[in-house]
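Let's take a friendly walk through this protein, beginning with a single side chain and ending with the overall fold. Keep the viewer open as you read.

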Amino acid sequence: DNSVAVRYDGKPLQPATVYYWKVKTWDNHGVESDFSTIRGFITAKELDGETARYPLQVSDEYPVAIRQFSSQPSVDGNGSPSCGGGKGFYIDFGKTSFGRLKLTLSSGNETDTVTIHLGERIRDGRIDRNPGGSIRYANYRLPLLKGTHTYTLKIRPDSRNTSLTRNIFDLPILMPDYTGEVMPFRSCEIEGYSPALKQPDVVRQTVYYPFDETASHFHSSDTVLNQVWELCKYAIKATSFTGMYIDGDRERIPYEREALISQLGQYCVDREYSIARRSREYLIIHPTWPAEWAMQSVWMAWNDYMYTGNATSLKRFYNDLKAKTLLGLKESNGLISTRTGKVTPETMKPIYFKGKTTSFRDIVDWPHTGILGLGKNELGETDGFVFTDYNIVVNAYHYFSLELIARIAGALGNSQEQTEFTRLAQQMKKDFNRSFLDTKKGYYKDGIDTEHSSLHANMFAMAFGLAPDRYIPSIKAFMHARGMACSISGALVLMEALYENHDAAYALELLSSTSERSWYNTIRLGATLTIEAWDDKYKPDLDWNQSAGSVPANIIPRRLMGIEPLEPGFRKIRIKPQPATLPQAEILMPSIRGDISVSFENSPGEKFTLEIEIPANTTAEVWLPVLSKKYSLTVDDIPQKGKLNGDFVIVETGSGKHKLSNSVMR
């Protein structure tokens, strides 16, 4: 079973050298396989331990539709042209991606000039030339040579995402020379051009990190859920265009929030781990300003280990990860705070924060009230959260990071520190509930010096396992009353809280919702990538190309379908579907040990049938819903009792295909 994270123990590798390698395996009977196909790689000029990565790919994509137009310009509500007039062609590639344009055009003379329009947003069947916010639109004048020639449109750099004069801790990631500059666009228009235009004449050269479209699929009986999945899966591919997880095209800066959501999504849609590791390691050394996001580095490090089984990066950054728990901000009451004088150059140095100490502060969610053009009556995306010296969300993260760093210490064989961090986490849980839990109301408040309770105060406590069992029903009721009162990225924690506490019916309602504050609203707006907020009005400068909105790419596989690693590198898998009322669903999810296939047929209150296929060198812990006190459980048509755990019955299986069924006994 030594098939994951096998360390190379041959001669030391040399810099700037091409190496070739092949592998073979032996099964449990000693039967030897053939060698694999030979593969190659080249080492860097300097071998400094940096995570290996692939070059970006450039793929030629052809239009899904070409339409000739001859029309007057339409105007927006202010009387300004929103879509062009004149004669020419509208070319639609179907989905937005980051790339540049290659055109093959003809001219009978040397005086013809065409205008090229590129854009993300479509209005009335044409490119919206005043899309608003940070939604992308650009135009170019292209003089034509006599005859037929191929032209590659050079994208103008945007100072917002290419300037190196910003603060040193939030520099954008630049495109490499071999791809050239890119911009996100779905469609292009060629204005002032009349010769016939065929599909091969217009090519979008799309840039992305290597991605296998066939590595995963999902389909269910809910058509909205299917569309949301496809949108979010594609977003993971398309937003990888810099080779690093970034916050979208407006800034192109790595932020922990987007990196965490992208990381979890990447693991669920493709068998590719290097971009996730490279991004999280970059953010350890180049953290951003929110206190909560600094602690997300510990969360991402643990995810990396569980999904790959490789502890090398944990070992390399262990001391840095300990600092990211923000233990240096702990006060005598057991809580941490960024507002009581503990944030100093000395406490910030171990976490590599290079900005002014006054800029390291709590965020909870984003945007806040009145930020970025929101009116004074707007609540932003924090559900009216009241910021106090001792913030419940910051302290929930602190507890969670202590829990995870204890597990990391254990994985590295440091039992003494594992024991100490476990003790600190247990004490933190007591201090947390003593300070923030309102036992009269039955749910949490935002801070010590306020009686206000927000969705965020409660969803973080529930997601991270802080809530005492007897208060979970009242906390659930409060969360239901608040609805989706968080940002499109904050919804990751909301969904974690719901599924972690077996509130699957409400979670499914939110996942498949068609309201304004839903993932489906992204599709209704006309975006083909996930966006930065639920709607334009919630963030006036929003990007239409940000992975922050791709939460369902990981929540559907990990929580609804219930596939997660129980042991590092999927040595043991938990399959715990929480279908609620969803009648049918099936998924193919990649793992480092091989494909995992799960499908179910669900007749609530009557019968639940699950079919799974898990790869070699693994075992699975399978959870099935208990439908009544008297039930009939079979595994591969053989009756079993299983082990009861709340509303579930658990059975253990080995690798291969299995069919499990649980039905009401009449």
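Arg593 has a relative accessibility of 15%, so this arginine counts as buried, the limit being under 20%. The model is a predicted one, and in it Arg593 belongs to the loop that links strand S20 (584-589) to strand S21 (596-603). What lies 3.5 Å from the backbone oxygen of Phe570? A polar atom of the Arg593 side chain does. Leaving aside residues up to four places away in sequence, Arg593 touches Asp1, Ser3 and Val4, then Pro568, Gly569, Phe570 and Arg571, and also Pro615, Ala616, Asn617 and Thr618.

Lys95 places its charged end over the ring of Tyr234, at 4.6 Å from the centre. Arg126 does likewise with the ring of Phe69, where the distance from the centre is 3.7 Å.

How many aromatic pairs does a search of the whole structure find? There are 27, and among them is the tilted pair of Phe218 and Trp229. Phe218 is part of strand S15 (residues 217-220) while Trp229 is part of helix H2 (residues 223-238), so their pairing ties together parts 11 residues apart in sequence. Both Phe218 and Trp229 are buried.

Another pair is formed by Trp302 and Tyr305, whose planes stand at 55 degrees, so it is tilted. Here both residues lie in helix H5 (residues 291-308), 3 residues apart, which is about one turn of the helix. Trp302 is buried, as is Tyr305.

| Aromatic pair | Centre to centre | Angle between planes |
|---|---|---|
| Phe218 and Trp229 | 5.8 Å | 55 degrees |
| Trp302 and Tyr305 | 5.6 Å | 55 degrees |

Rings also gather in a cluster: Trp299, Tyr397, Phe400, Phe460 and Phe464 form one.

Now zoom out to the whole protein. Its secondary structure consists of 16 helices and 26 strands. For 666 residues, a compact globule would have a radius of gyration near 26 Å, and the protein's value of 26 Å agrees with that. Along the principal axes, the C-alpha atoms fill a box of roughly 80 × 65 × 60 Å.

Of the 666 residues, 56% are buried. Among contacts with a separation of 6 or more, 70% are between residues 24 or more positions apart.

Methods
Residues are numbered from 1 along each chain as its sequence is written. Side-chain values use heavy atoms; hydrogens and water are left out. Rings of Phe, Tyr and Trp (its six-membered ring) pair if their centres lie within 6.5 Å; planes under 30 degrees apart count as stacked, over 60 as edge-to-face and the rest as tilted. Helices (H or I, at least four residues) and strands (E, at least two) are DSSP runs, numbered from the N terminus. Buried means under 20% relative accessible area, exposed over 50%, partly exposed in between (1.4 Å probe, protein chains only). A charge sits over a ring if NZ of Lys or CZ of Arg is within 6 Å of the ring centre and within 35 degrees of the ring normal. A polar contact is a pair of N or O atoms within 3.5 Å; within protein, one must be able to donate a hydrogen and the other to accept it, and residues adjacent in sequence count only if both atoms are side-chain atoms. Contact means heavy atoms within 4.5 Å. The radius of gyration is taken over C-alpha atoms; the globule rule is 2.2 Å times the number of residues to the power 0.38.
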